[in-house]
Amino acid sequence: MNKQELIRAGLKAIFPLCVGAFPFSFIVGAISINAGMSVLESTLWSFFVFAGSSQMVALGLIQTSASILVIMLTTFVINLRHLLYSASMSEYMKDYPLPMRALMSYGLTDEVYASTISEMKEEKKGRHWFYLAAMGGFWFNWVFSNFLGAVIGSSFPEISQYGLDFAMVAAFIAIVIPQVKSHECIVAAVVATATGLLLSDMPYSLGLVVAAIVGVFAGYRMDIAKEKRELEEQEEKQQQQNVASEQALPQIQEQGAV
């Protein structure tokens, strides 16, 4: 695909998640006004921070007059899962110059990762255009819907109780589930889900971080076991071929002597 086709494909891939994220960012914008921000402050906040769950938690802390240090530490912990995304993406970004990698890492959200990782793994020429289009489309949607929420949504003080943010969760599930195909991915998903449920009471959403790490480790061990089993099967097959060759050698030599 050429550059234009990659950009269109990236925008098409991220579109369902933009639809799901719109009400969530709208709510963040509305709540930020209720928390004392101006429309400009709220919009610039989404412009630079670009992290829904962290923004939502930070708003709650701001409303309780928490210190800036507590807010920073809390949002840092919530975003620890992005270490896993970065580690997964680094293999496919390492050849790009530092400014490009910095830009790509700035927009590496849950949604962007889910919609671009398959394309990045294929390592096609110019694949960064696919990534940048998906990232840029989602970023613009996030900032714009936050702006609308700050302007319009602030008229509804209880908007966070409407459950509109579930649209993003539903869209995210619809994107991720079709990618869970191999046994390793299935095991990782099941282990992470079970761990997340068991640790759901941990503070600061740490249960989510632990569940992600445990799920990745389970999938990694499955992958290692599979590679080891395939290697053993290849060695056994090679040994059988060597034995067959050794057994056939005397007969060949005998026929040559005759």
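**Entry 1: salt bridges**

I searched the whole structure for salt bridges and found two. I note here that the model is a predicted one.

I looked at Lys94 and Glu91 together. Lys94 forms a salt bridge with Glu91, and their closest N and O atoms are 3.2 Å apart. I checked how open each partner is. Lys94 has a relative accessibility of 47%, so I put it down as partly exposed. Glu91 is also listed as partly exposed, with a relative accessible area of 42%.

I then turned to Lys226, which forms a salt bridge with Glu184. The closest N and O atoms of Lys226 and Glu184 are 3.9 Å apart. What does this pair tie together? Lys226 is in helix α11 and Glu184 is in helix α10 (residues 183–198), so the bridge ties parts that are 42 residues apart in sequence. Lys226 is partly exposed, at 32%.

Glu227 sits in helix α11, which covers residues 206–257. Its relative accessible area is 45%, so I class Glu227 as partly exposed.

**Entry 2: the nonpolar patch**

Next I looked up nonpolar side chains on the surface. Val39, Phe140, Phe144, Phe147, Val151, Ile152 and Phe156 form a nonpolar patch. Together these residues have about 610 Å² of accessible area. Which helix gives the most to this patch? Helix α8 (residues 127–151) does, with four residues. Phe140 has a relative accessible area of 54%. I class Phe140 as exposed because that value is over the 50% cut-off.

I moved to helix α1, which runs over residues 3–34 and contains Ser25. Ser25 has 0% relative accessibility, so it counts as buried. I asked which residues Ser25 is in contact with, leaving aside its neighbours within four places in sequence. The contacts are Trp142, Ser145 and Asn146.

Pro16 lies in helix α1 as well. Pro16 is partly exposed, with a relative accessible area of 36%. I also looked up how far Pro16 is from Phe138. The two residues are 122 residues apart along the chain, and their C-alpha atoms are separated by 10.0 Å.

**Entry 3: the whole protein**

I finished with totals. How many helices and strands are there? The protein has eleven helices and zero strands. From the N terminus on, the elements read α-α-α-α-α-α-α-α-α-α-α.

The protein has 258 residues, and 34% of them count as buried. I looked at contacts with a separation of 6 or more, and residues 24 or more positions apart account for 77% of these. The protein exposes about 15,500 Å², of which carbon and sulfur atoms supply 66%.

How values were computed. Residues are numbered from 1 along each chain as its sequence is written. This is a predicted model: local features need pLDDT of at least 70, side-chain atom pairs count only at pLDDT 80 or more; totals for chains, interfaces and linings use all residues. Side-chain values use heavy atoms; hydrogens and water are left out. Helices (H or I, at least four residues) and strands (E, at least two) are DSSP runs, numbered from the N terminus. Buried means under 20% relative accessible area, exposed over 50%, partly exposed in between (1.4 Å probe, protein chains only). Contact means heavy atoms within 4.5 Å. Patches are made of residues with over 30% relative accessible area and no salt bridge: like charges are joined within 9 Å, nonpolar side chains (Val, Leu, Ile, Met, Phe, Trp, Tyr) within 5 Å. Accessible areas come from the Shrake-Rupley method with a 1.4 Å probe; for residues, only the protein chains shown count as cover. A salt bridge is a side-chain nitrogen of Lys or Arg within 4 Å of a carboxyl oxygen of Asp or Glu.
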